[in-house]
Amino acid sequence: MSGNIFVLKLKDDMDVFEELGKFAEKENIKYGVVLGAVGKLKDFEFVAFRERGVIEKRSLKEPHELNSVSGKIQFLGGKYTTHLNVAVGEKSFKSINGQLVRGKVAGDLDFTIRKVAIDKIIEA
């Protein structure tokens, strides 16, 4: 099973979504689950879905520690798409969270990704 788990090491200023897409294409990952990540984001934007269709958007320029991430990478409609839910730490020790829509690496950022065989996905 270890042949299906990868650690992708990203460096400062790399675009998170661009690099995840290039990696998935290189490794022929048609569906991958993001198991976790360690590092920092900068110049990023995320959205949170609130009550009754209200969408809150937030953009942050300065580096923030990535406390938690979950998500997926998939080949859909002829292209790679990535969905990431993140929690980042503020200086006050509070976390803010949402769906990441763009972001760059601040320093280093390591993603752990599991490749899932398409025939192992069960739709209920």
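Is E19 buried or exposed? At 16% relative accessibility, E19 counts as buried, where buried stands for under 20% relative accessible area, exposed for over 50%, and partly exposed for what lies in between (1.4 Å probe, protein chains only).

The model is predicted, and local features need pLDDT of at least 70, side-chain atom pairs count only at pLDDT 80 or more, and totals for chains, interfaces and linings use all residues. Residues are numbered from 1 along each chain as its sequence is written, and side-chain values use heavy atoms, with hydrogens and water left out.

With a salt bridge taken as a side-chain nitrogen of Lys or Arg within 4 Å of a carboxyl oxygen of Asp or Glu, the count comes to eleven. Three of these pairs, including that of E19, are tabulated here.

| Pair | Closest N to O |
|---|---|
| D108 and K11 | 3.4 Å |
| E19 and K22 | 3.3 Å |

Helices (H or I, at least four residues) and strands (E, at least two) are DSSP runs, numbered from the N terminus. E19 and K22 both belong to helix 1, three residues apart, or about one turn of the helix, and K22 is partly exposed at 43%.

The salt bridge between D108 and K11 links distant parts of the chain, strand 6 (residues 95-115) and strand 1 (residues 5-11), 97 residues apart; D108 is partly exposed at 43%, as is K11 at 44%.

D12 is partly exposed at 41%, whereas K42 is buried at 18%, and D12, D13 and K42 are linked in a network of salt bridges.
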